[in-house]
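I opened this notebook to record what I looked up in one structure. The entries follow the order in which I consulted the strands, the cores and the surface.

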Amino acid sequence: MDFRQLRYFVAVYEEGHVGRAAERLSLSQPALSQQIRQLEHSLDVSLFERGNKRLLPTLAAHTLYNHALPLLDGMQKAREALLGFRGQALRTLAIGVLQTVHPALVPQLLERVRKAQPHLVIQIYELSGSEIEKRLLNGTLDIGISYLPPRQAGLHGVLLYEDELQLVISAEHPLREFKKVSLRQAAELPMLLLGEEFQVRQIWQAQLANLGRRAQVQAELNTMAAILDSLPYMRLATVLPGRAQQIGEHPDLLWKPLSEPRVPLQVGLVYRDAQRQQASVTLLRQLLEDVITA
């Protein structure tokens with residue numbers, strides 16, 4: 001018994017007719033009948049009862065069918081996974097994206113991939129940086145769009161663009177007239193921040209730790225959009241990547257550059273298997289650089 005014979009058997013089982021199964025498989029009826037007889041002989045069981053025009057599956061056929069489907073499905077997935085080793089694009093590409101990266105990336109990326117590789121199905125997951133790296137390592141993601149450098153050993157990164165943290169406040173905040181705010185000044189402000197699982201929060205806390213300070217956290221929300229919607233109604237501040245200004249319309253918010261020192265951010269493609277993902281990384285990098293430049 002081999003996978004070819006299993007595929008032939010499944011077609012005959014589902015069609016219940018050798019002629020229709022042969023047409024589905026682009027085989028002649030005699031050749032298909034011979035393959036089914038050989039399969040029955042190798043298994044030493046009868047798989048079908050031959051009627052006038054139909055084949056009725058036996059109990060053994062029902063049992064074999066239930067085992068054959070996952071085997072054939074697994075073989076197909078294995079073939080698709082191995083395509084990447086020949087530099088060919090995968091049919092499905094799972095990408096983890098930080099919600100705090102360039103807000104125009106995802107919608108424009110999807111449209112550009114559709115035009116460049118219409119056969120490629122893109123699956124986008126909005127995740128924290130630690131979750132992106134975890135899923136890259138366990139193989140449930142192919143590529144991440146995250147901050148560089150990767151924190152987990154075994155991951156690689158390619159730079160897409162640079163950004164920097166900025167202080168975000170309401171138009172009524174006491175620092176509204178400042179053109180820029182020093183890190184020491186920002187360290188004293190009560191904050192509305194993303195949760196500790198987010199890399200922006202971790203980067204901010206690491207910068208303050210270098211000054212011997214701790215973040216003055218008054219409240220937490222788990223989405224950047226929720227923070228931007230809430231800030232106009234309070235005297236709290238937050239820190240977010242500067243490019244996040246493009247998310248929605250928030251005329252009542254002011255974005256202040258941080259200085260002394262600046263807090264630079266590098267955003268890039270993160271991946272585990274350089275050989276397997278080479279074609280996909282090259283494609284995404286080219287498309288995303290076009291988006292960023294535009």
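**Entry 1: strand β5**

I began with a bridge: Val 97 has Ile 145 as its partner in β5. The model is predicted, so I noted that local features need pLDDT of at least 70 and side-chain atom pairs count only at pLDDT 80 or more, whereas totals for chains, interfaces and linings use all residues. Residues are numbered from 1 along each chain as its sequence is written, and side-chain values use heavy atoms, with hydrogens and water left out.

I then looked up the neighbours of β5. Strand β3 (residues 92–97) runs parallel to β5 and is joined to it by three bridges. Strand β12 (residues 264–271) pairs with β5 in the antiparallel sense over four bridges; there, Tyr 147 has Val 267 as its bridge partner. Strands count as paired if DSSP finds at least two bridges between them. Strands (E, at least two residues) and helices (H or I, at least four) are DSSP runs, numbered from the N terminus.

Is β5 buried or exposed? Five of the five residues of β5 (residues 143–147) are buried, so the strand is largely enclosed by the rest of the structure. Buried means under 20% relative accessible area, exposed over 50%, and partly exposed in between (1.4 Å probe, protein chains only).

**Entry 2: the cores**

I next consulted the nonpolar cores, which are sets of buried Ala, Val, Leu, Ile, Met, Phe, Trp, Tyr and Cys residues joined through side-chain atoms within 4.5 Å. The largest has 54 residues, and Ile 145, Leu 167, Trp 204, Leu 258 and Leu 284 have the most contacts inside it. Helix α10 (residues 274–293) gives the most to this core, with seven residues. I found a second, separate core of 21 residues, which includes Tyr 8, Val 12, Leu 47 and Phe 48.

For Leu 284, I left aside neighbours within four places in sequence; its contacts (heavy atoms within 4.5 Å) include Leu 93, Ile 95 and Ile 143.

Gln 29 lies in helix α3 and is partly exposed, with a relative accessible area of 46%. Beyond its neighbours within four places in sequence, I found Gln 29 in contact with Val 18, Gly 19 and Ala 22. The C-alpha atoms of Gln 29 and Arg 7, 22 residues apart along the chain, are separated by 15 Å.

Val 45 lies in the loop between α3 (29–43) and β1 (48–50). I recorded Val 45 as partly exposed, with a relative accessible area of 33%.
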